[in-house]
Amino acid sequence: MDGVLVKEGRALPGAGELISTWRETGRRFLVLTNNSIYTPRDLAARLHSMGVDVREDEIWTSALATAHFLSAQKPGGTAYVVGEAGLTTALHEAGFIMTDRDPDYVVVGETRTYSFEAIATAIRLILGGARFISTNPDPTGPGPEGPLPATGAIAALITKATGGREPYVVGKPNPMMFRSAMTRIGAHSQTTGMIGDRMDTDVVAGIEAGLHTVLVLTGIADRAEVERYPFRPDEVLESVAELLG
């Protein structure tokens with residue numbers, strides 16, 4: 001989503017037109033984001049305000065992917081969550097119960113209001129036997145005055161405080177994020193493409209999921225960065241507008 005369809009509160013060239021074209025031609029798609037703060041309804045409203053009309057059932061977040069994974073691992077399980085409505089709603093809808101008493105999982109997601117008490121509780125529960133899950137590995141996110149600590153940074157703090165307990169990370173670059181998205185729309189890797197703006201999460205996960213990978217230069221990566229990696233996307237485009245031809 002960010003860096004591909006929208007950036008800094010505005011739609012990127014060709015974004016709205018591409019979504020409209022896909023819908024008119026019956027092409028199945030999902031808009032993916034590693035951000036677990038917002039529900040699909042929130043994100044659909046945000047995109048709509050920028051002129052990109054995506055329905056909430058066409059959005060797949062790391063929170064939804066995490067809920068999908070955990071419900072397959074332990075149906076009707078329990079979790080202690082450090083995160084926002086996007087994550088708690090996804091887990092509730094997957095049949096999970098939120099609790100701080102002997103949960104099956106501690107799940108850490110994105111939030112702008114990390115509390116010392118909540119992090120301390122997460123550490124205590126993991127030391128007590130709860131399995132440690134993180135929605136995504138991103139150490140920072142964008143803020144109005146510069147980078148803000150994100151899920152990966154908080155997970156690293158918890159890992160250090162628990163003597164090295166590493167989380168299982170569900171979101172990109174774990175290819176599971178793409179596989180669960182393909183399951184959602186009944187797609188097959190041989191006929192599916194991934195369009196992203198990052199080499200270290202989007203492209204590598206797309207390659208590992210067996211997808212056709214397209215890197216656009218409207219977000220994080222530039223052509224110089226592509227050369228620094230031992231793998232390559234199938235295509236490099238200036239923006240999604242080039243897909244309209």
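Of the 245 residues in the protein chain, 49% count as buried, where buried means under 20% relative accessible area, exposed means over 50%, and partly exposed lies in between (1.4 Å probe, protein chains only). The model is a predicted one, in which local features need pLDDT of at least 70 and side-chain atom pairs count only at pLDDT 80 or more, while totals for chains, interfaces and linings use all residues. Residues are numbered from 1 along each chain as its sequence is written, and side-chain values use heavy atoms, with hydrogens and water left out.

We can start with the chain as a whole. A compact globule of 245 residues would have a radius of gyration near 18 Å, and the protein chain has 18 Å, so the two values agree; this radius is taken over C-alpha atoms, and the globule rule is 2.2 Å times the number of residues to the power 0.38. Along the principal axes, the C-alpha atoms fill a box of roughly 55 × 35 × 35 Å. The accessible surface of the protein chain comes to about 11,900 Å², and 52% of that surface belongs to carbon and sulfur atoms, with areas calculated by the Shrake-Rupley method with a 1.4 Å probe, where for residues only the protein chains shown count as cover. Among contacts (heavy atoms within 4.5 Å) between residues at least 6 apart in sequence, 64% join residues at least 24 apart.

The chain contains 9 helices and 14 strands, which are DSSP runs numbered from the N terminus, with helices being H or I of at least four residues and strands being E of at least two. Some of these strands are arranged in an open sheet of 5 strands, in the order β6-β5-β7-β8-β11, with parallel pairing; two strands pair if DSSP finds at least two bridges between them. β6 and β11 stand at the edges of this sheet, each with a single partner strand, so one side of each is left without a neighbour in the sheet.

β5 and β7 run parallel and are joined by 4 bridges, with V81 standing opposite V107 in β7. β7 also pairs with strand β8 (residues 131–134) in the parallel sense, over 4 bridges, and here the bridge partner of V106 in β8 is F132. Helix α5 (residues 116–127) lies across β5, β7 and β8, running at about 145° to β5, where axes are lines fitted to C-alpha atoms, for helices over the stretch in contact, and angles run from 0 to 180 degrees between N-to-C directions.

The next topic is the packing of side chains. A nonpolar core is a set of buried Ala, Val, Leu, Ile, Met, Phe, Trp, Tyr and Cys residues joined through side-chain atoms within 4.5 Å. The largest such core has 33 residues, of which W60, L70, L91 and V107 touch the most other members. The elements that give two or more residues to this core are α3 (62–73), β5 (78–82), α4 (85–93), β7 (105–108), α7 (176–185) and α8 (199–208), and α3 gives the most, with 6 residues. If residues up to four places away in sequence are not counted, L70 touches P75, L91, F96, Y105, V107 and I133. A second, separate core of 21 residues includes I19, L47, V54 and V240.

Another open sheet is formed by 3 strands in the order β12-β13-β14, with parallel pairing. β12 (193–196) and β14 (235–237) stand at its edges, each with a single partner strand, so one side of each has no neighbour in the sheet. The twist averages 20° from one strand to the next. Strand β13 (residues 212–216) pairs with β14 over 3 bridges, and V214 stands opposite E235 in β14. Helix α8 lies across β12 and β13, running at about 165° to β13.

A cis peptide bond, with omega of about 15°, joins K172 and P173, and P173 has its place in the loop between β11 (168–169) and α7. E8 has a positive phi of about 50° although it is not a glycine; E8 lies in the loop between β1 (6–7) and β2 (10–11) and is exposed, with a relative accessible area of 72%. D102 likewise has a positive phi of about 50° without being a glycine, and D102, in the loop between β6 (97–98) and β7, is exposed with a relative accessible area of 68%.
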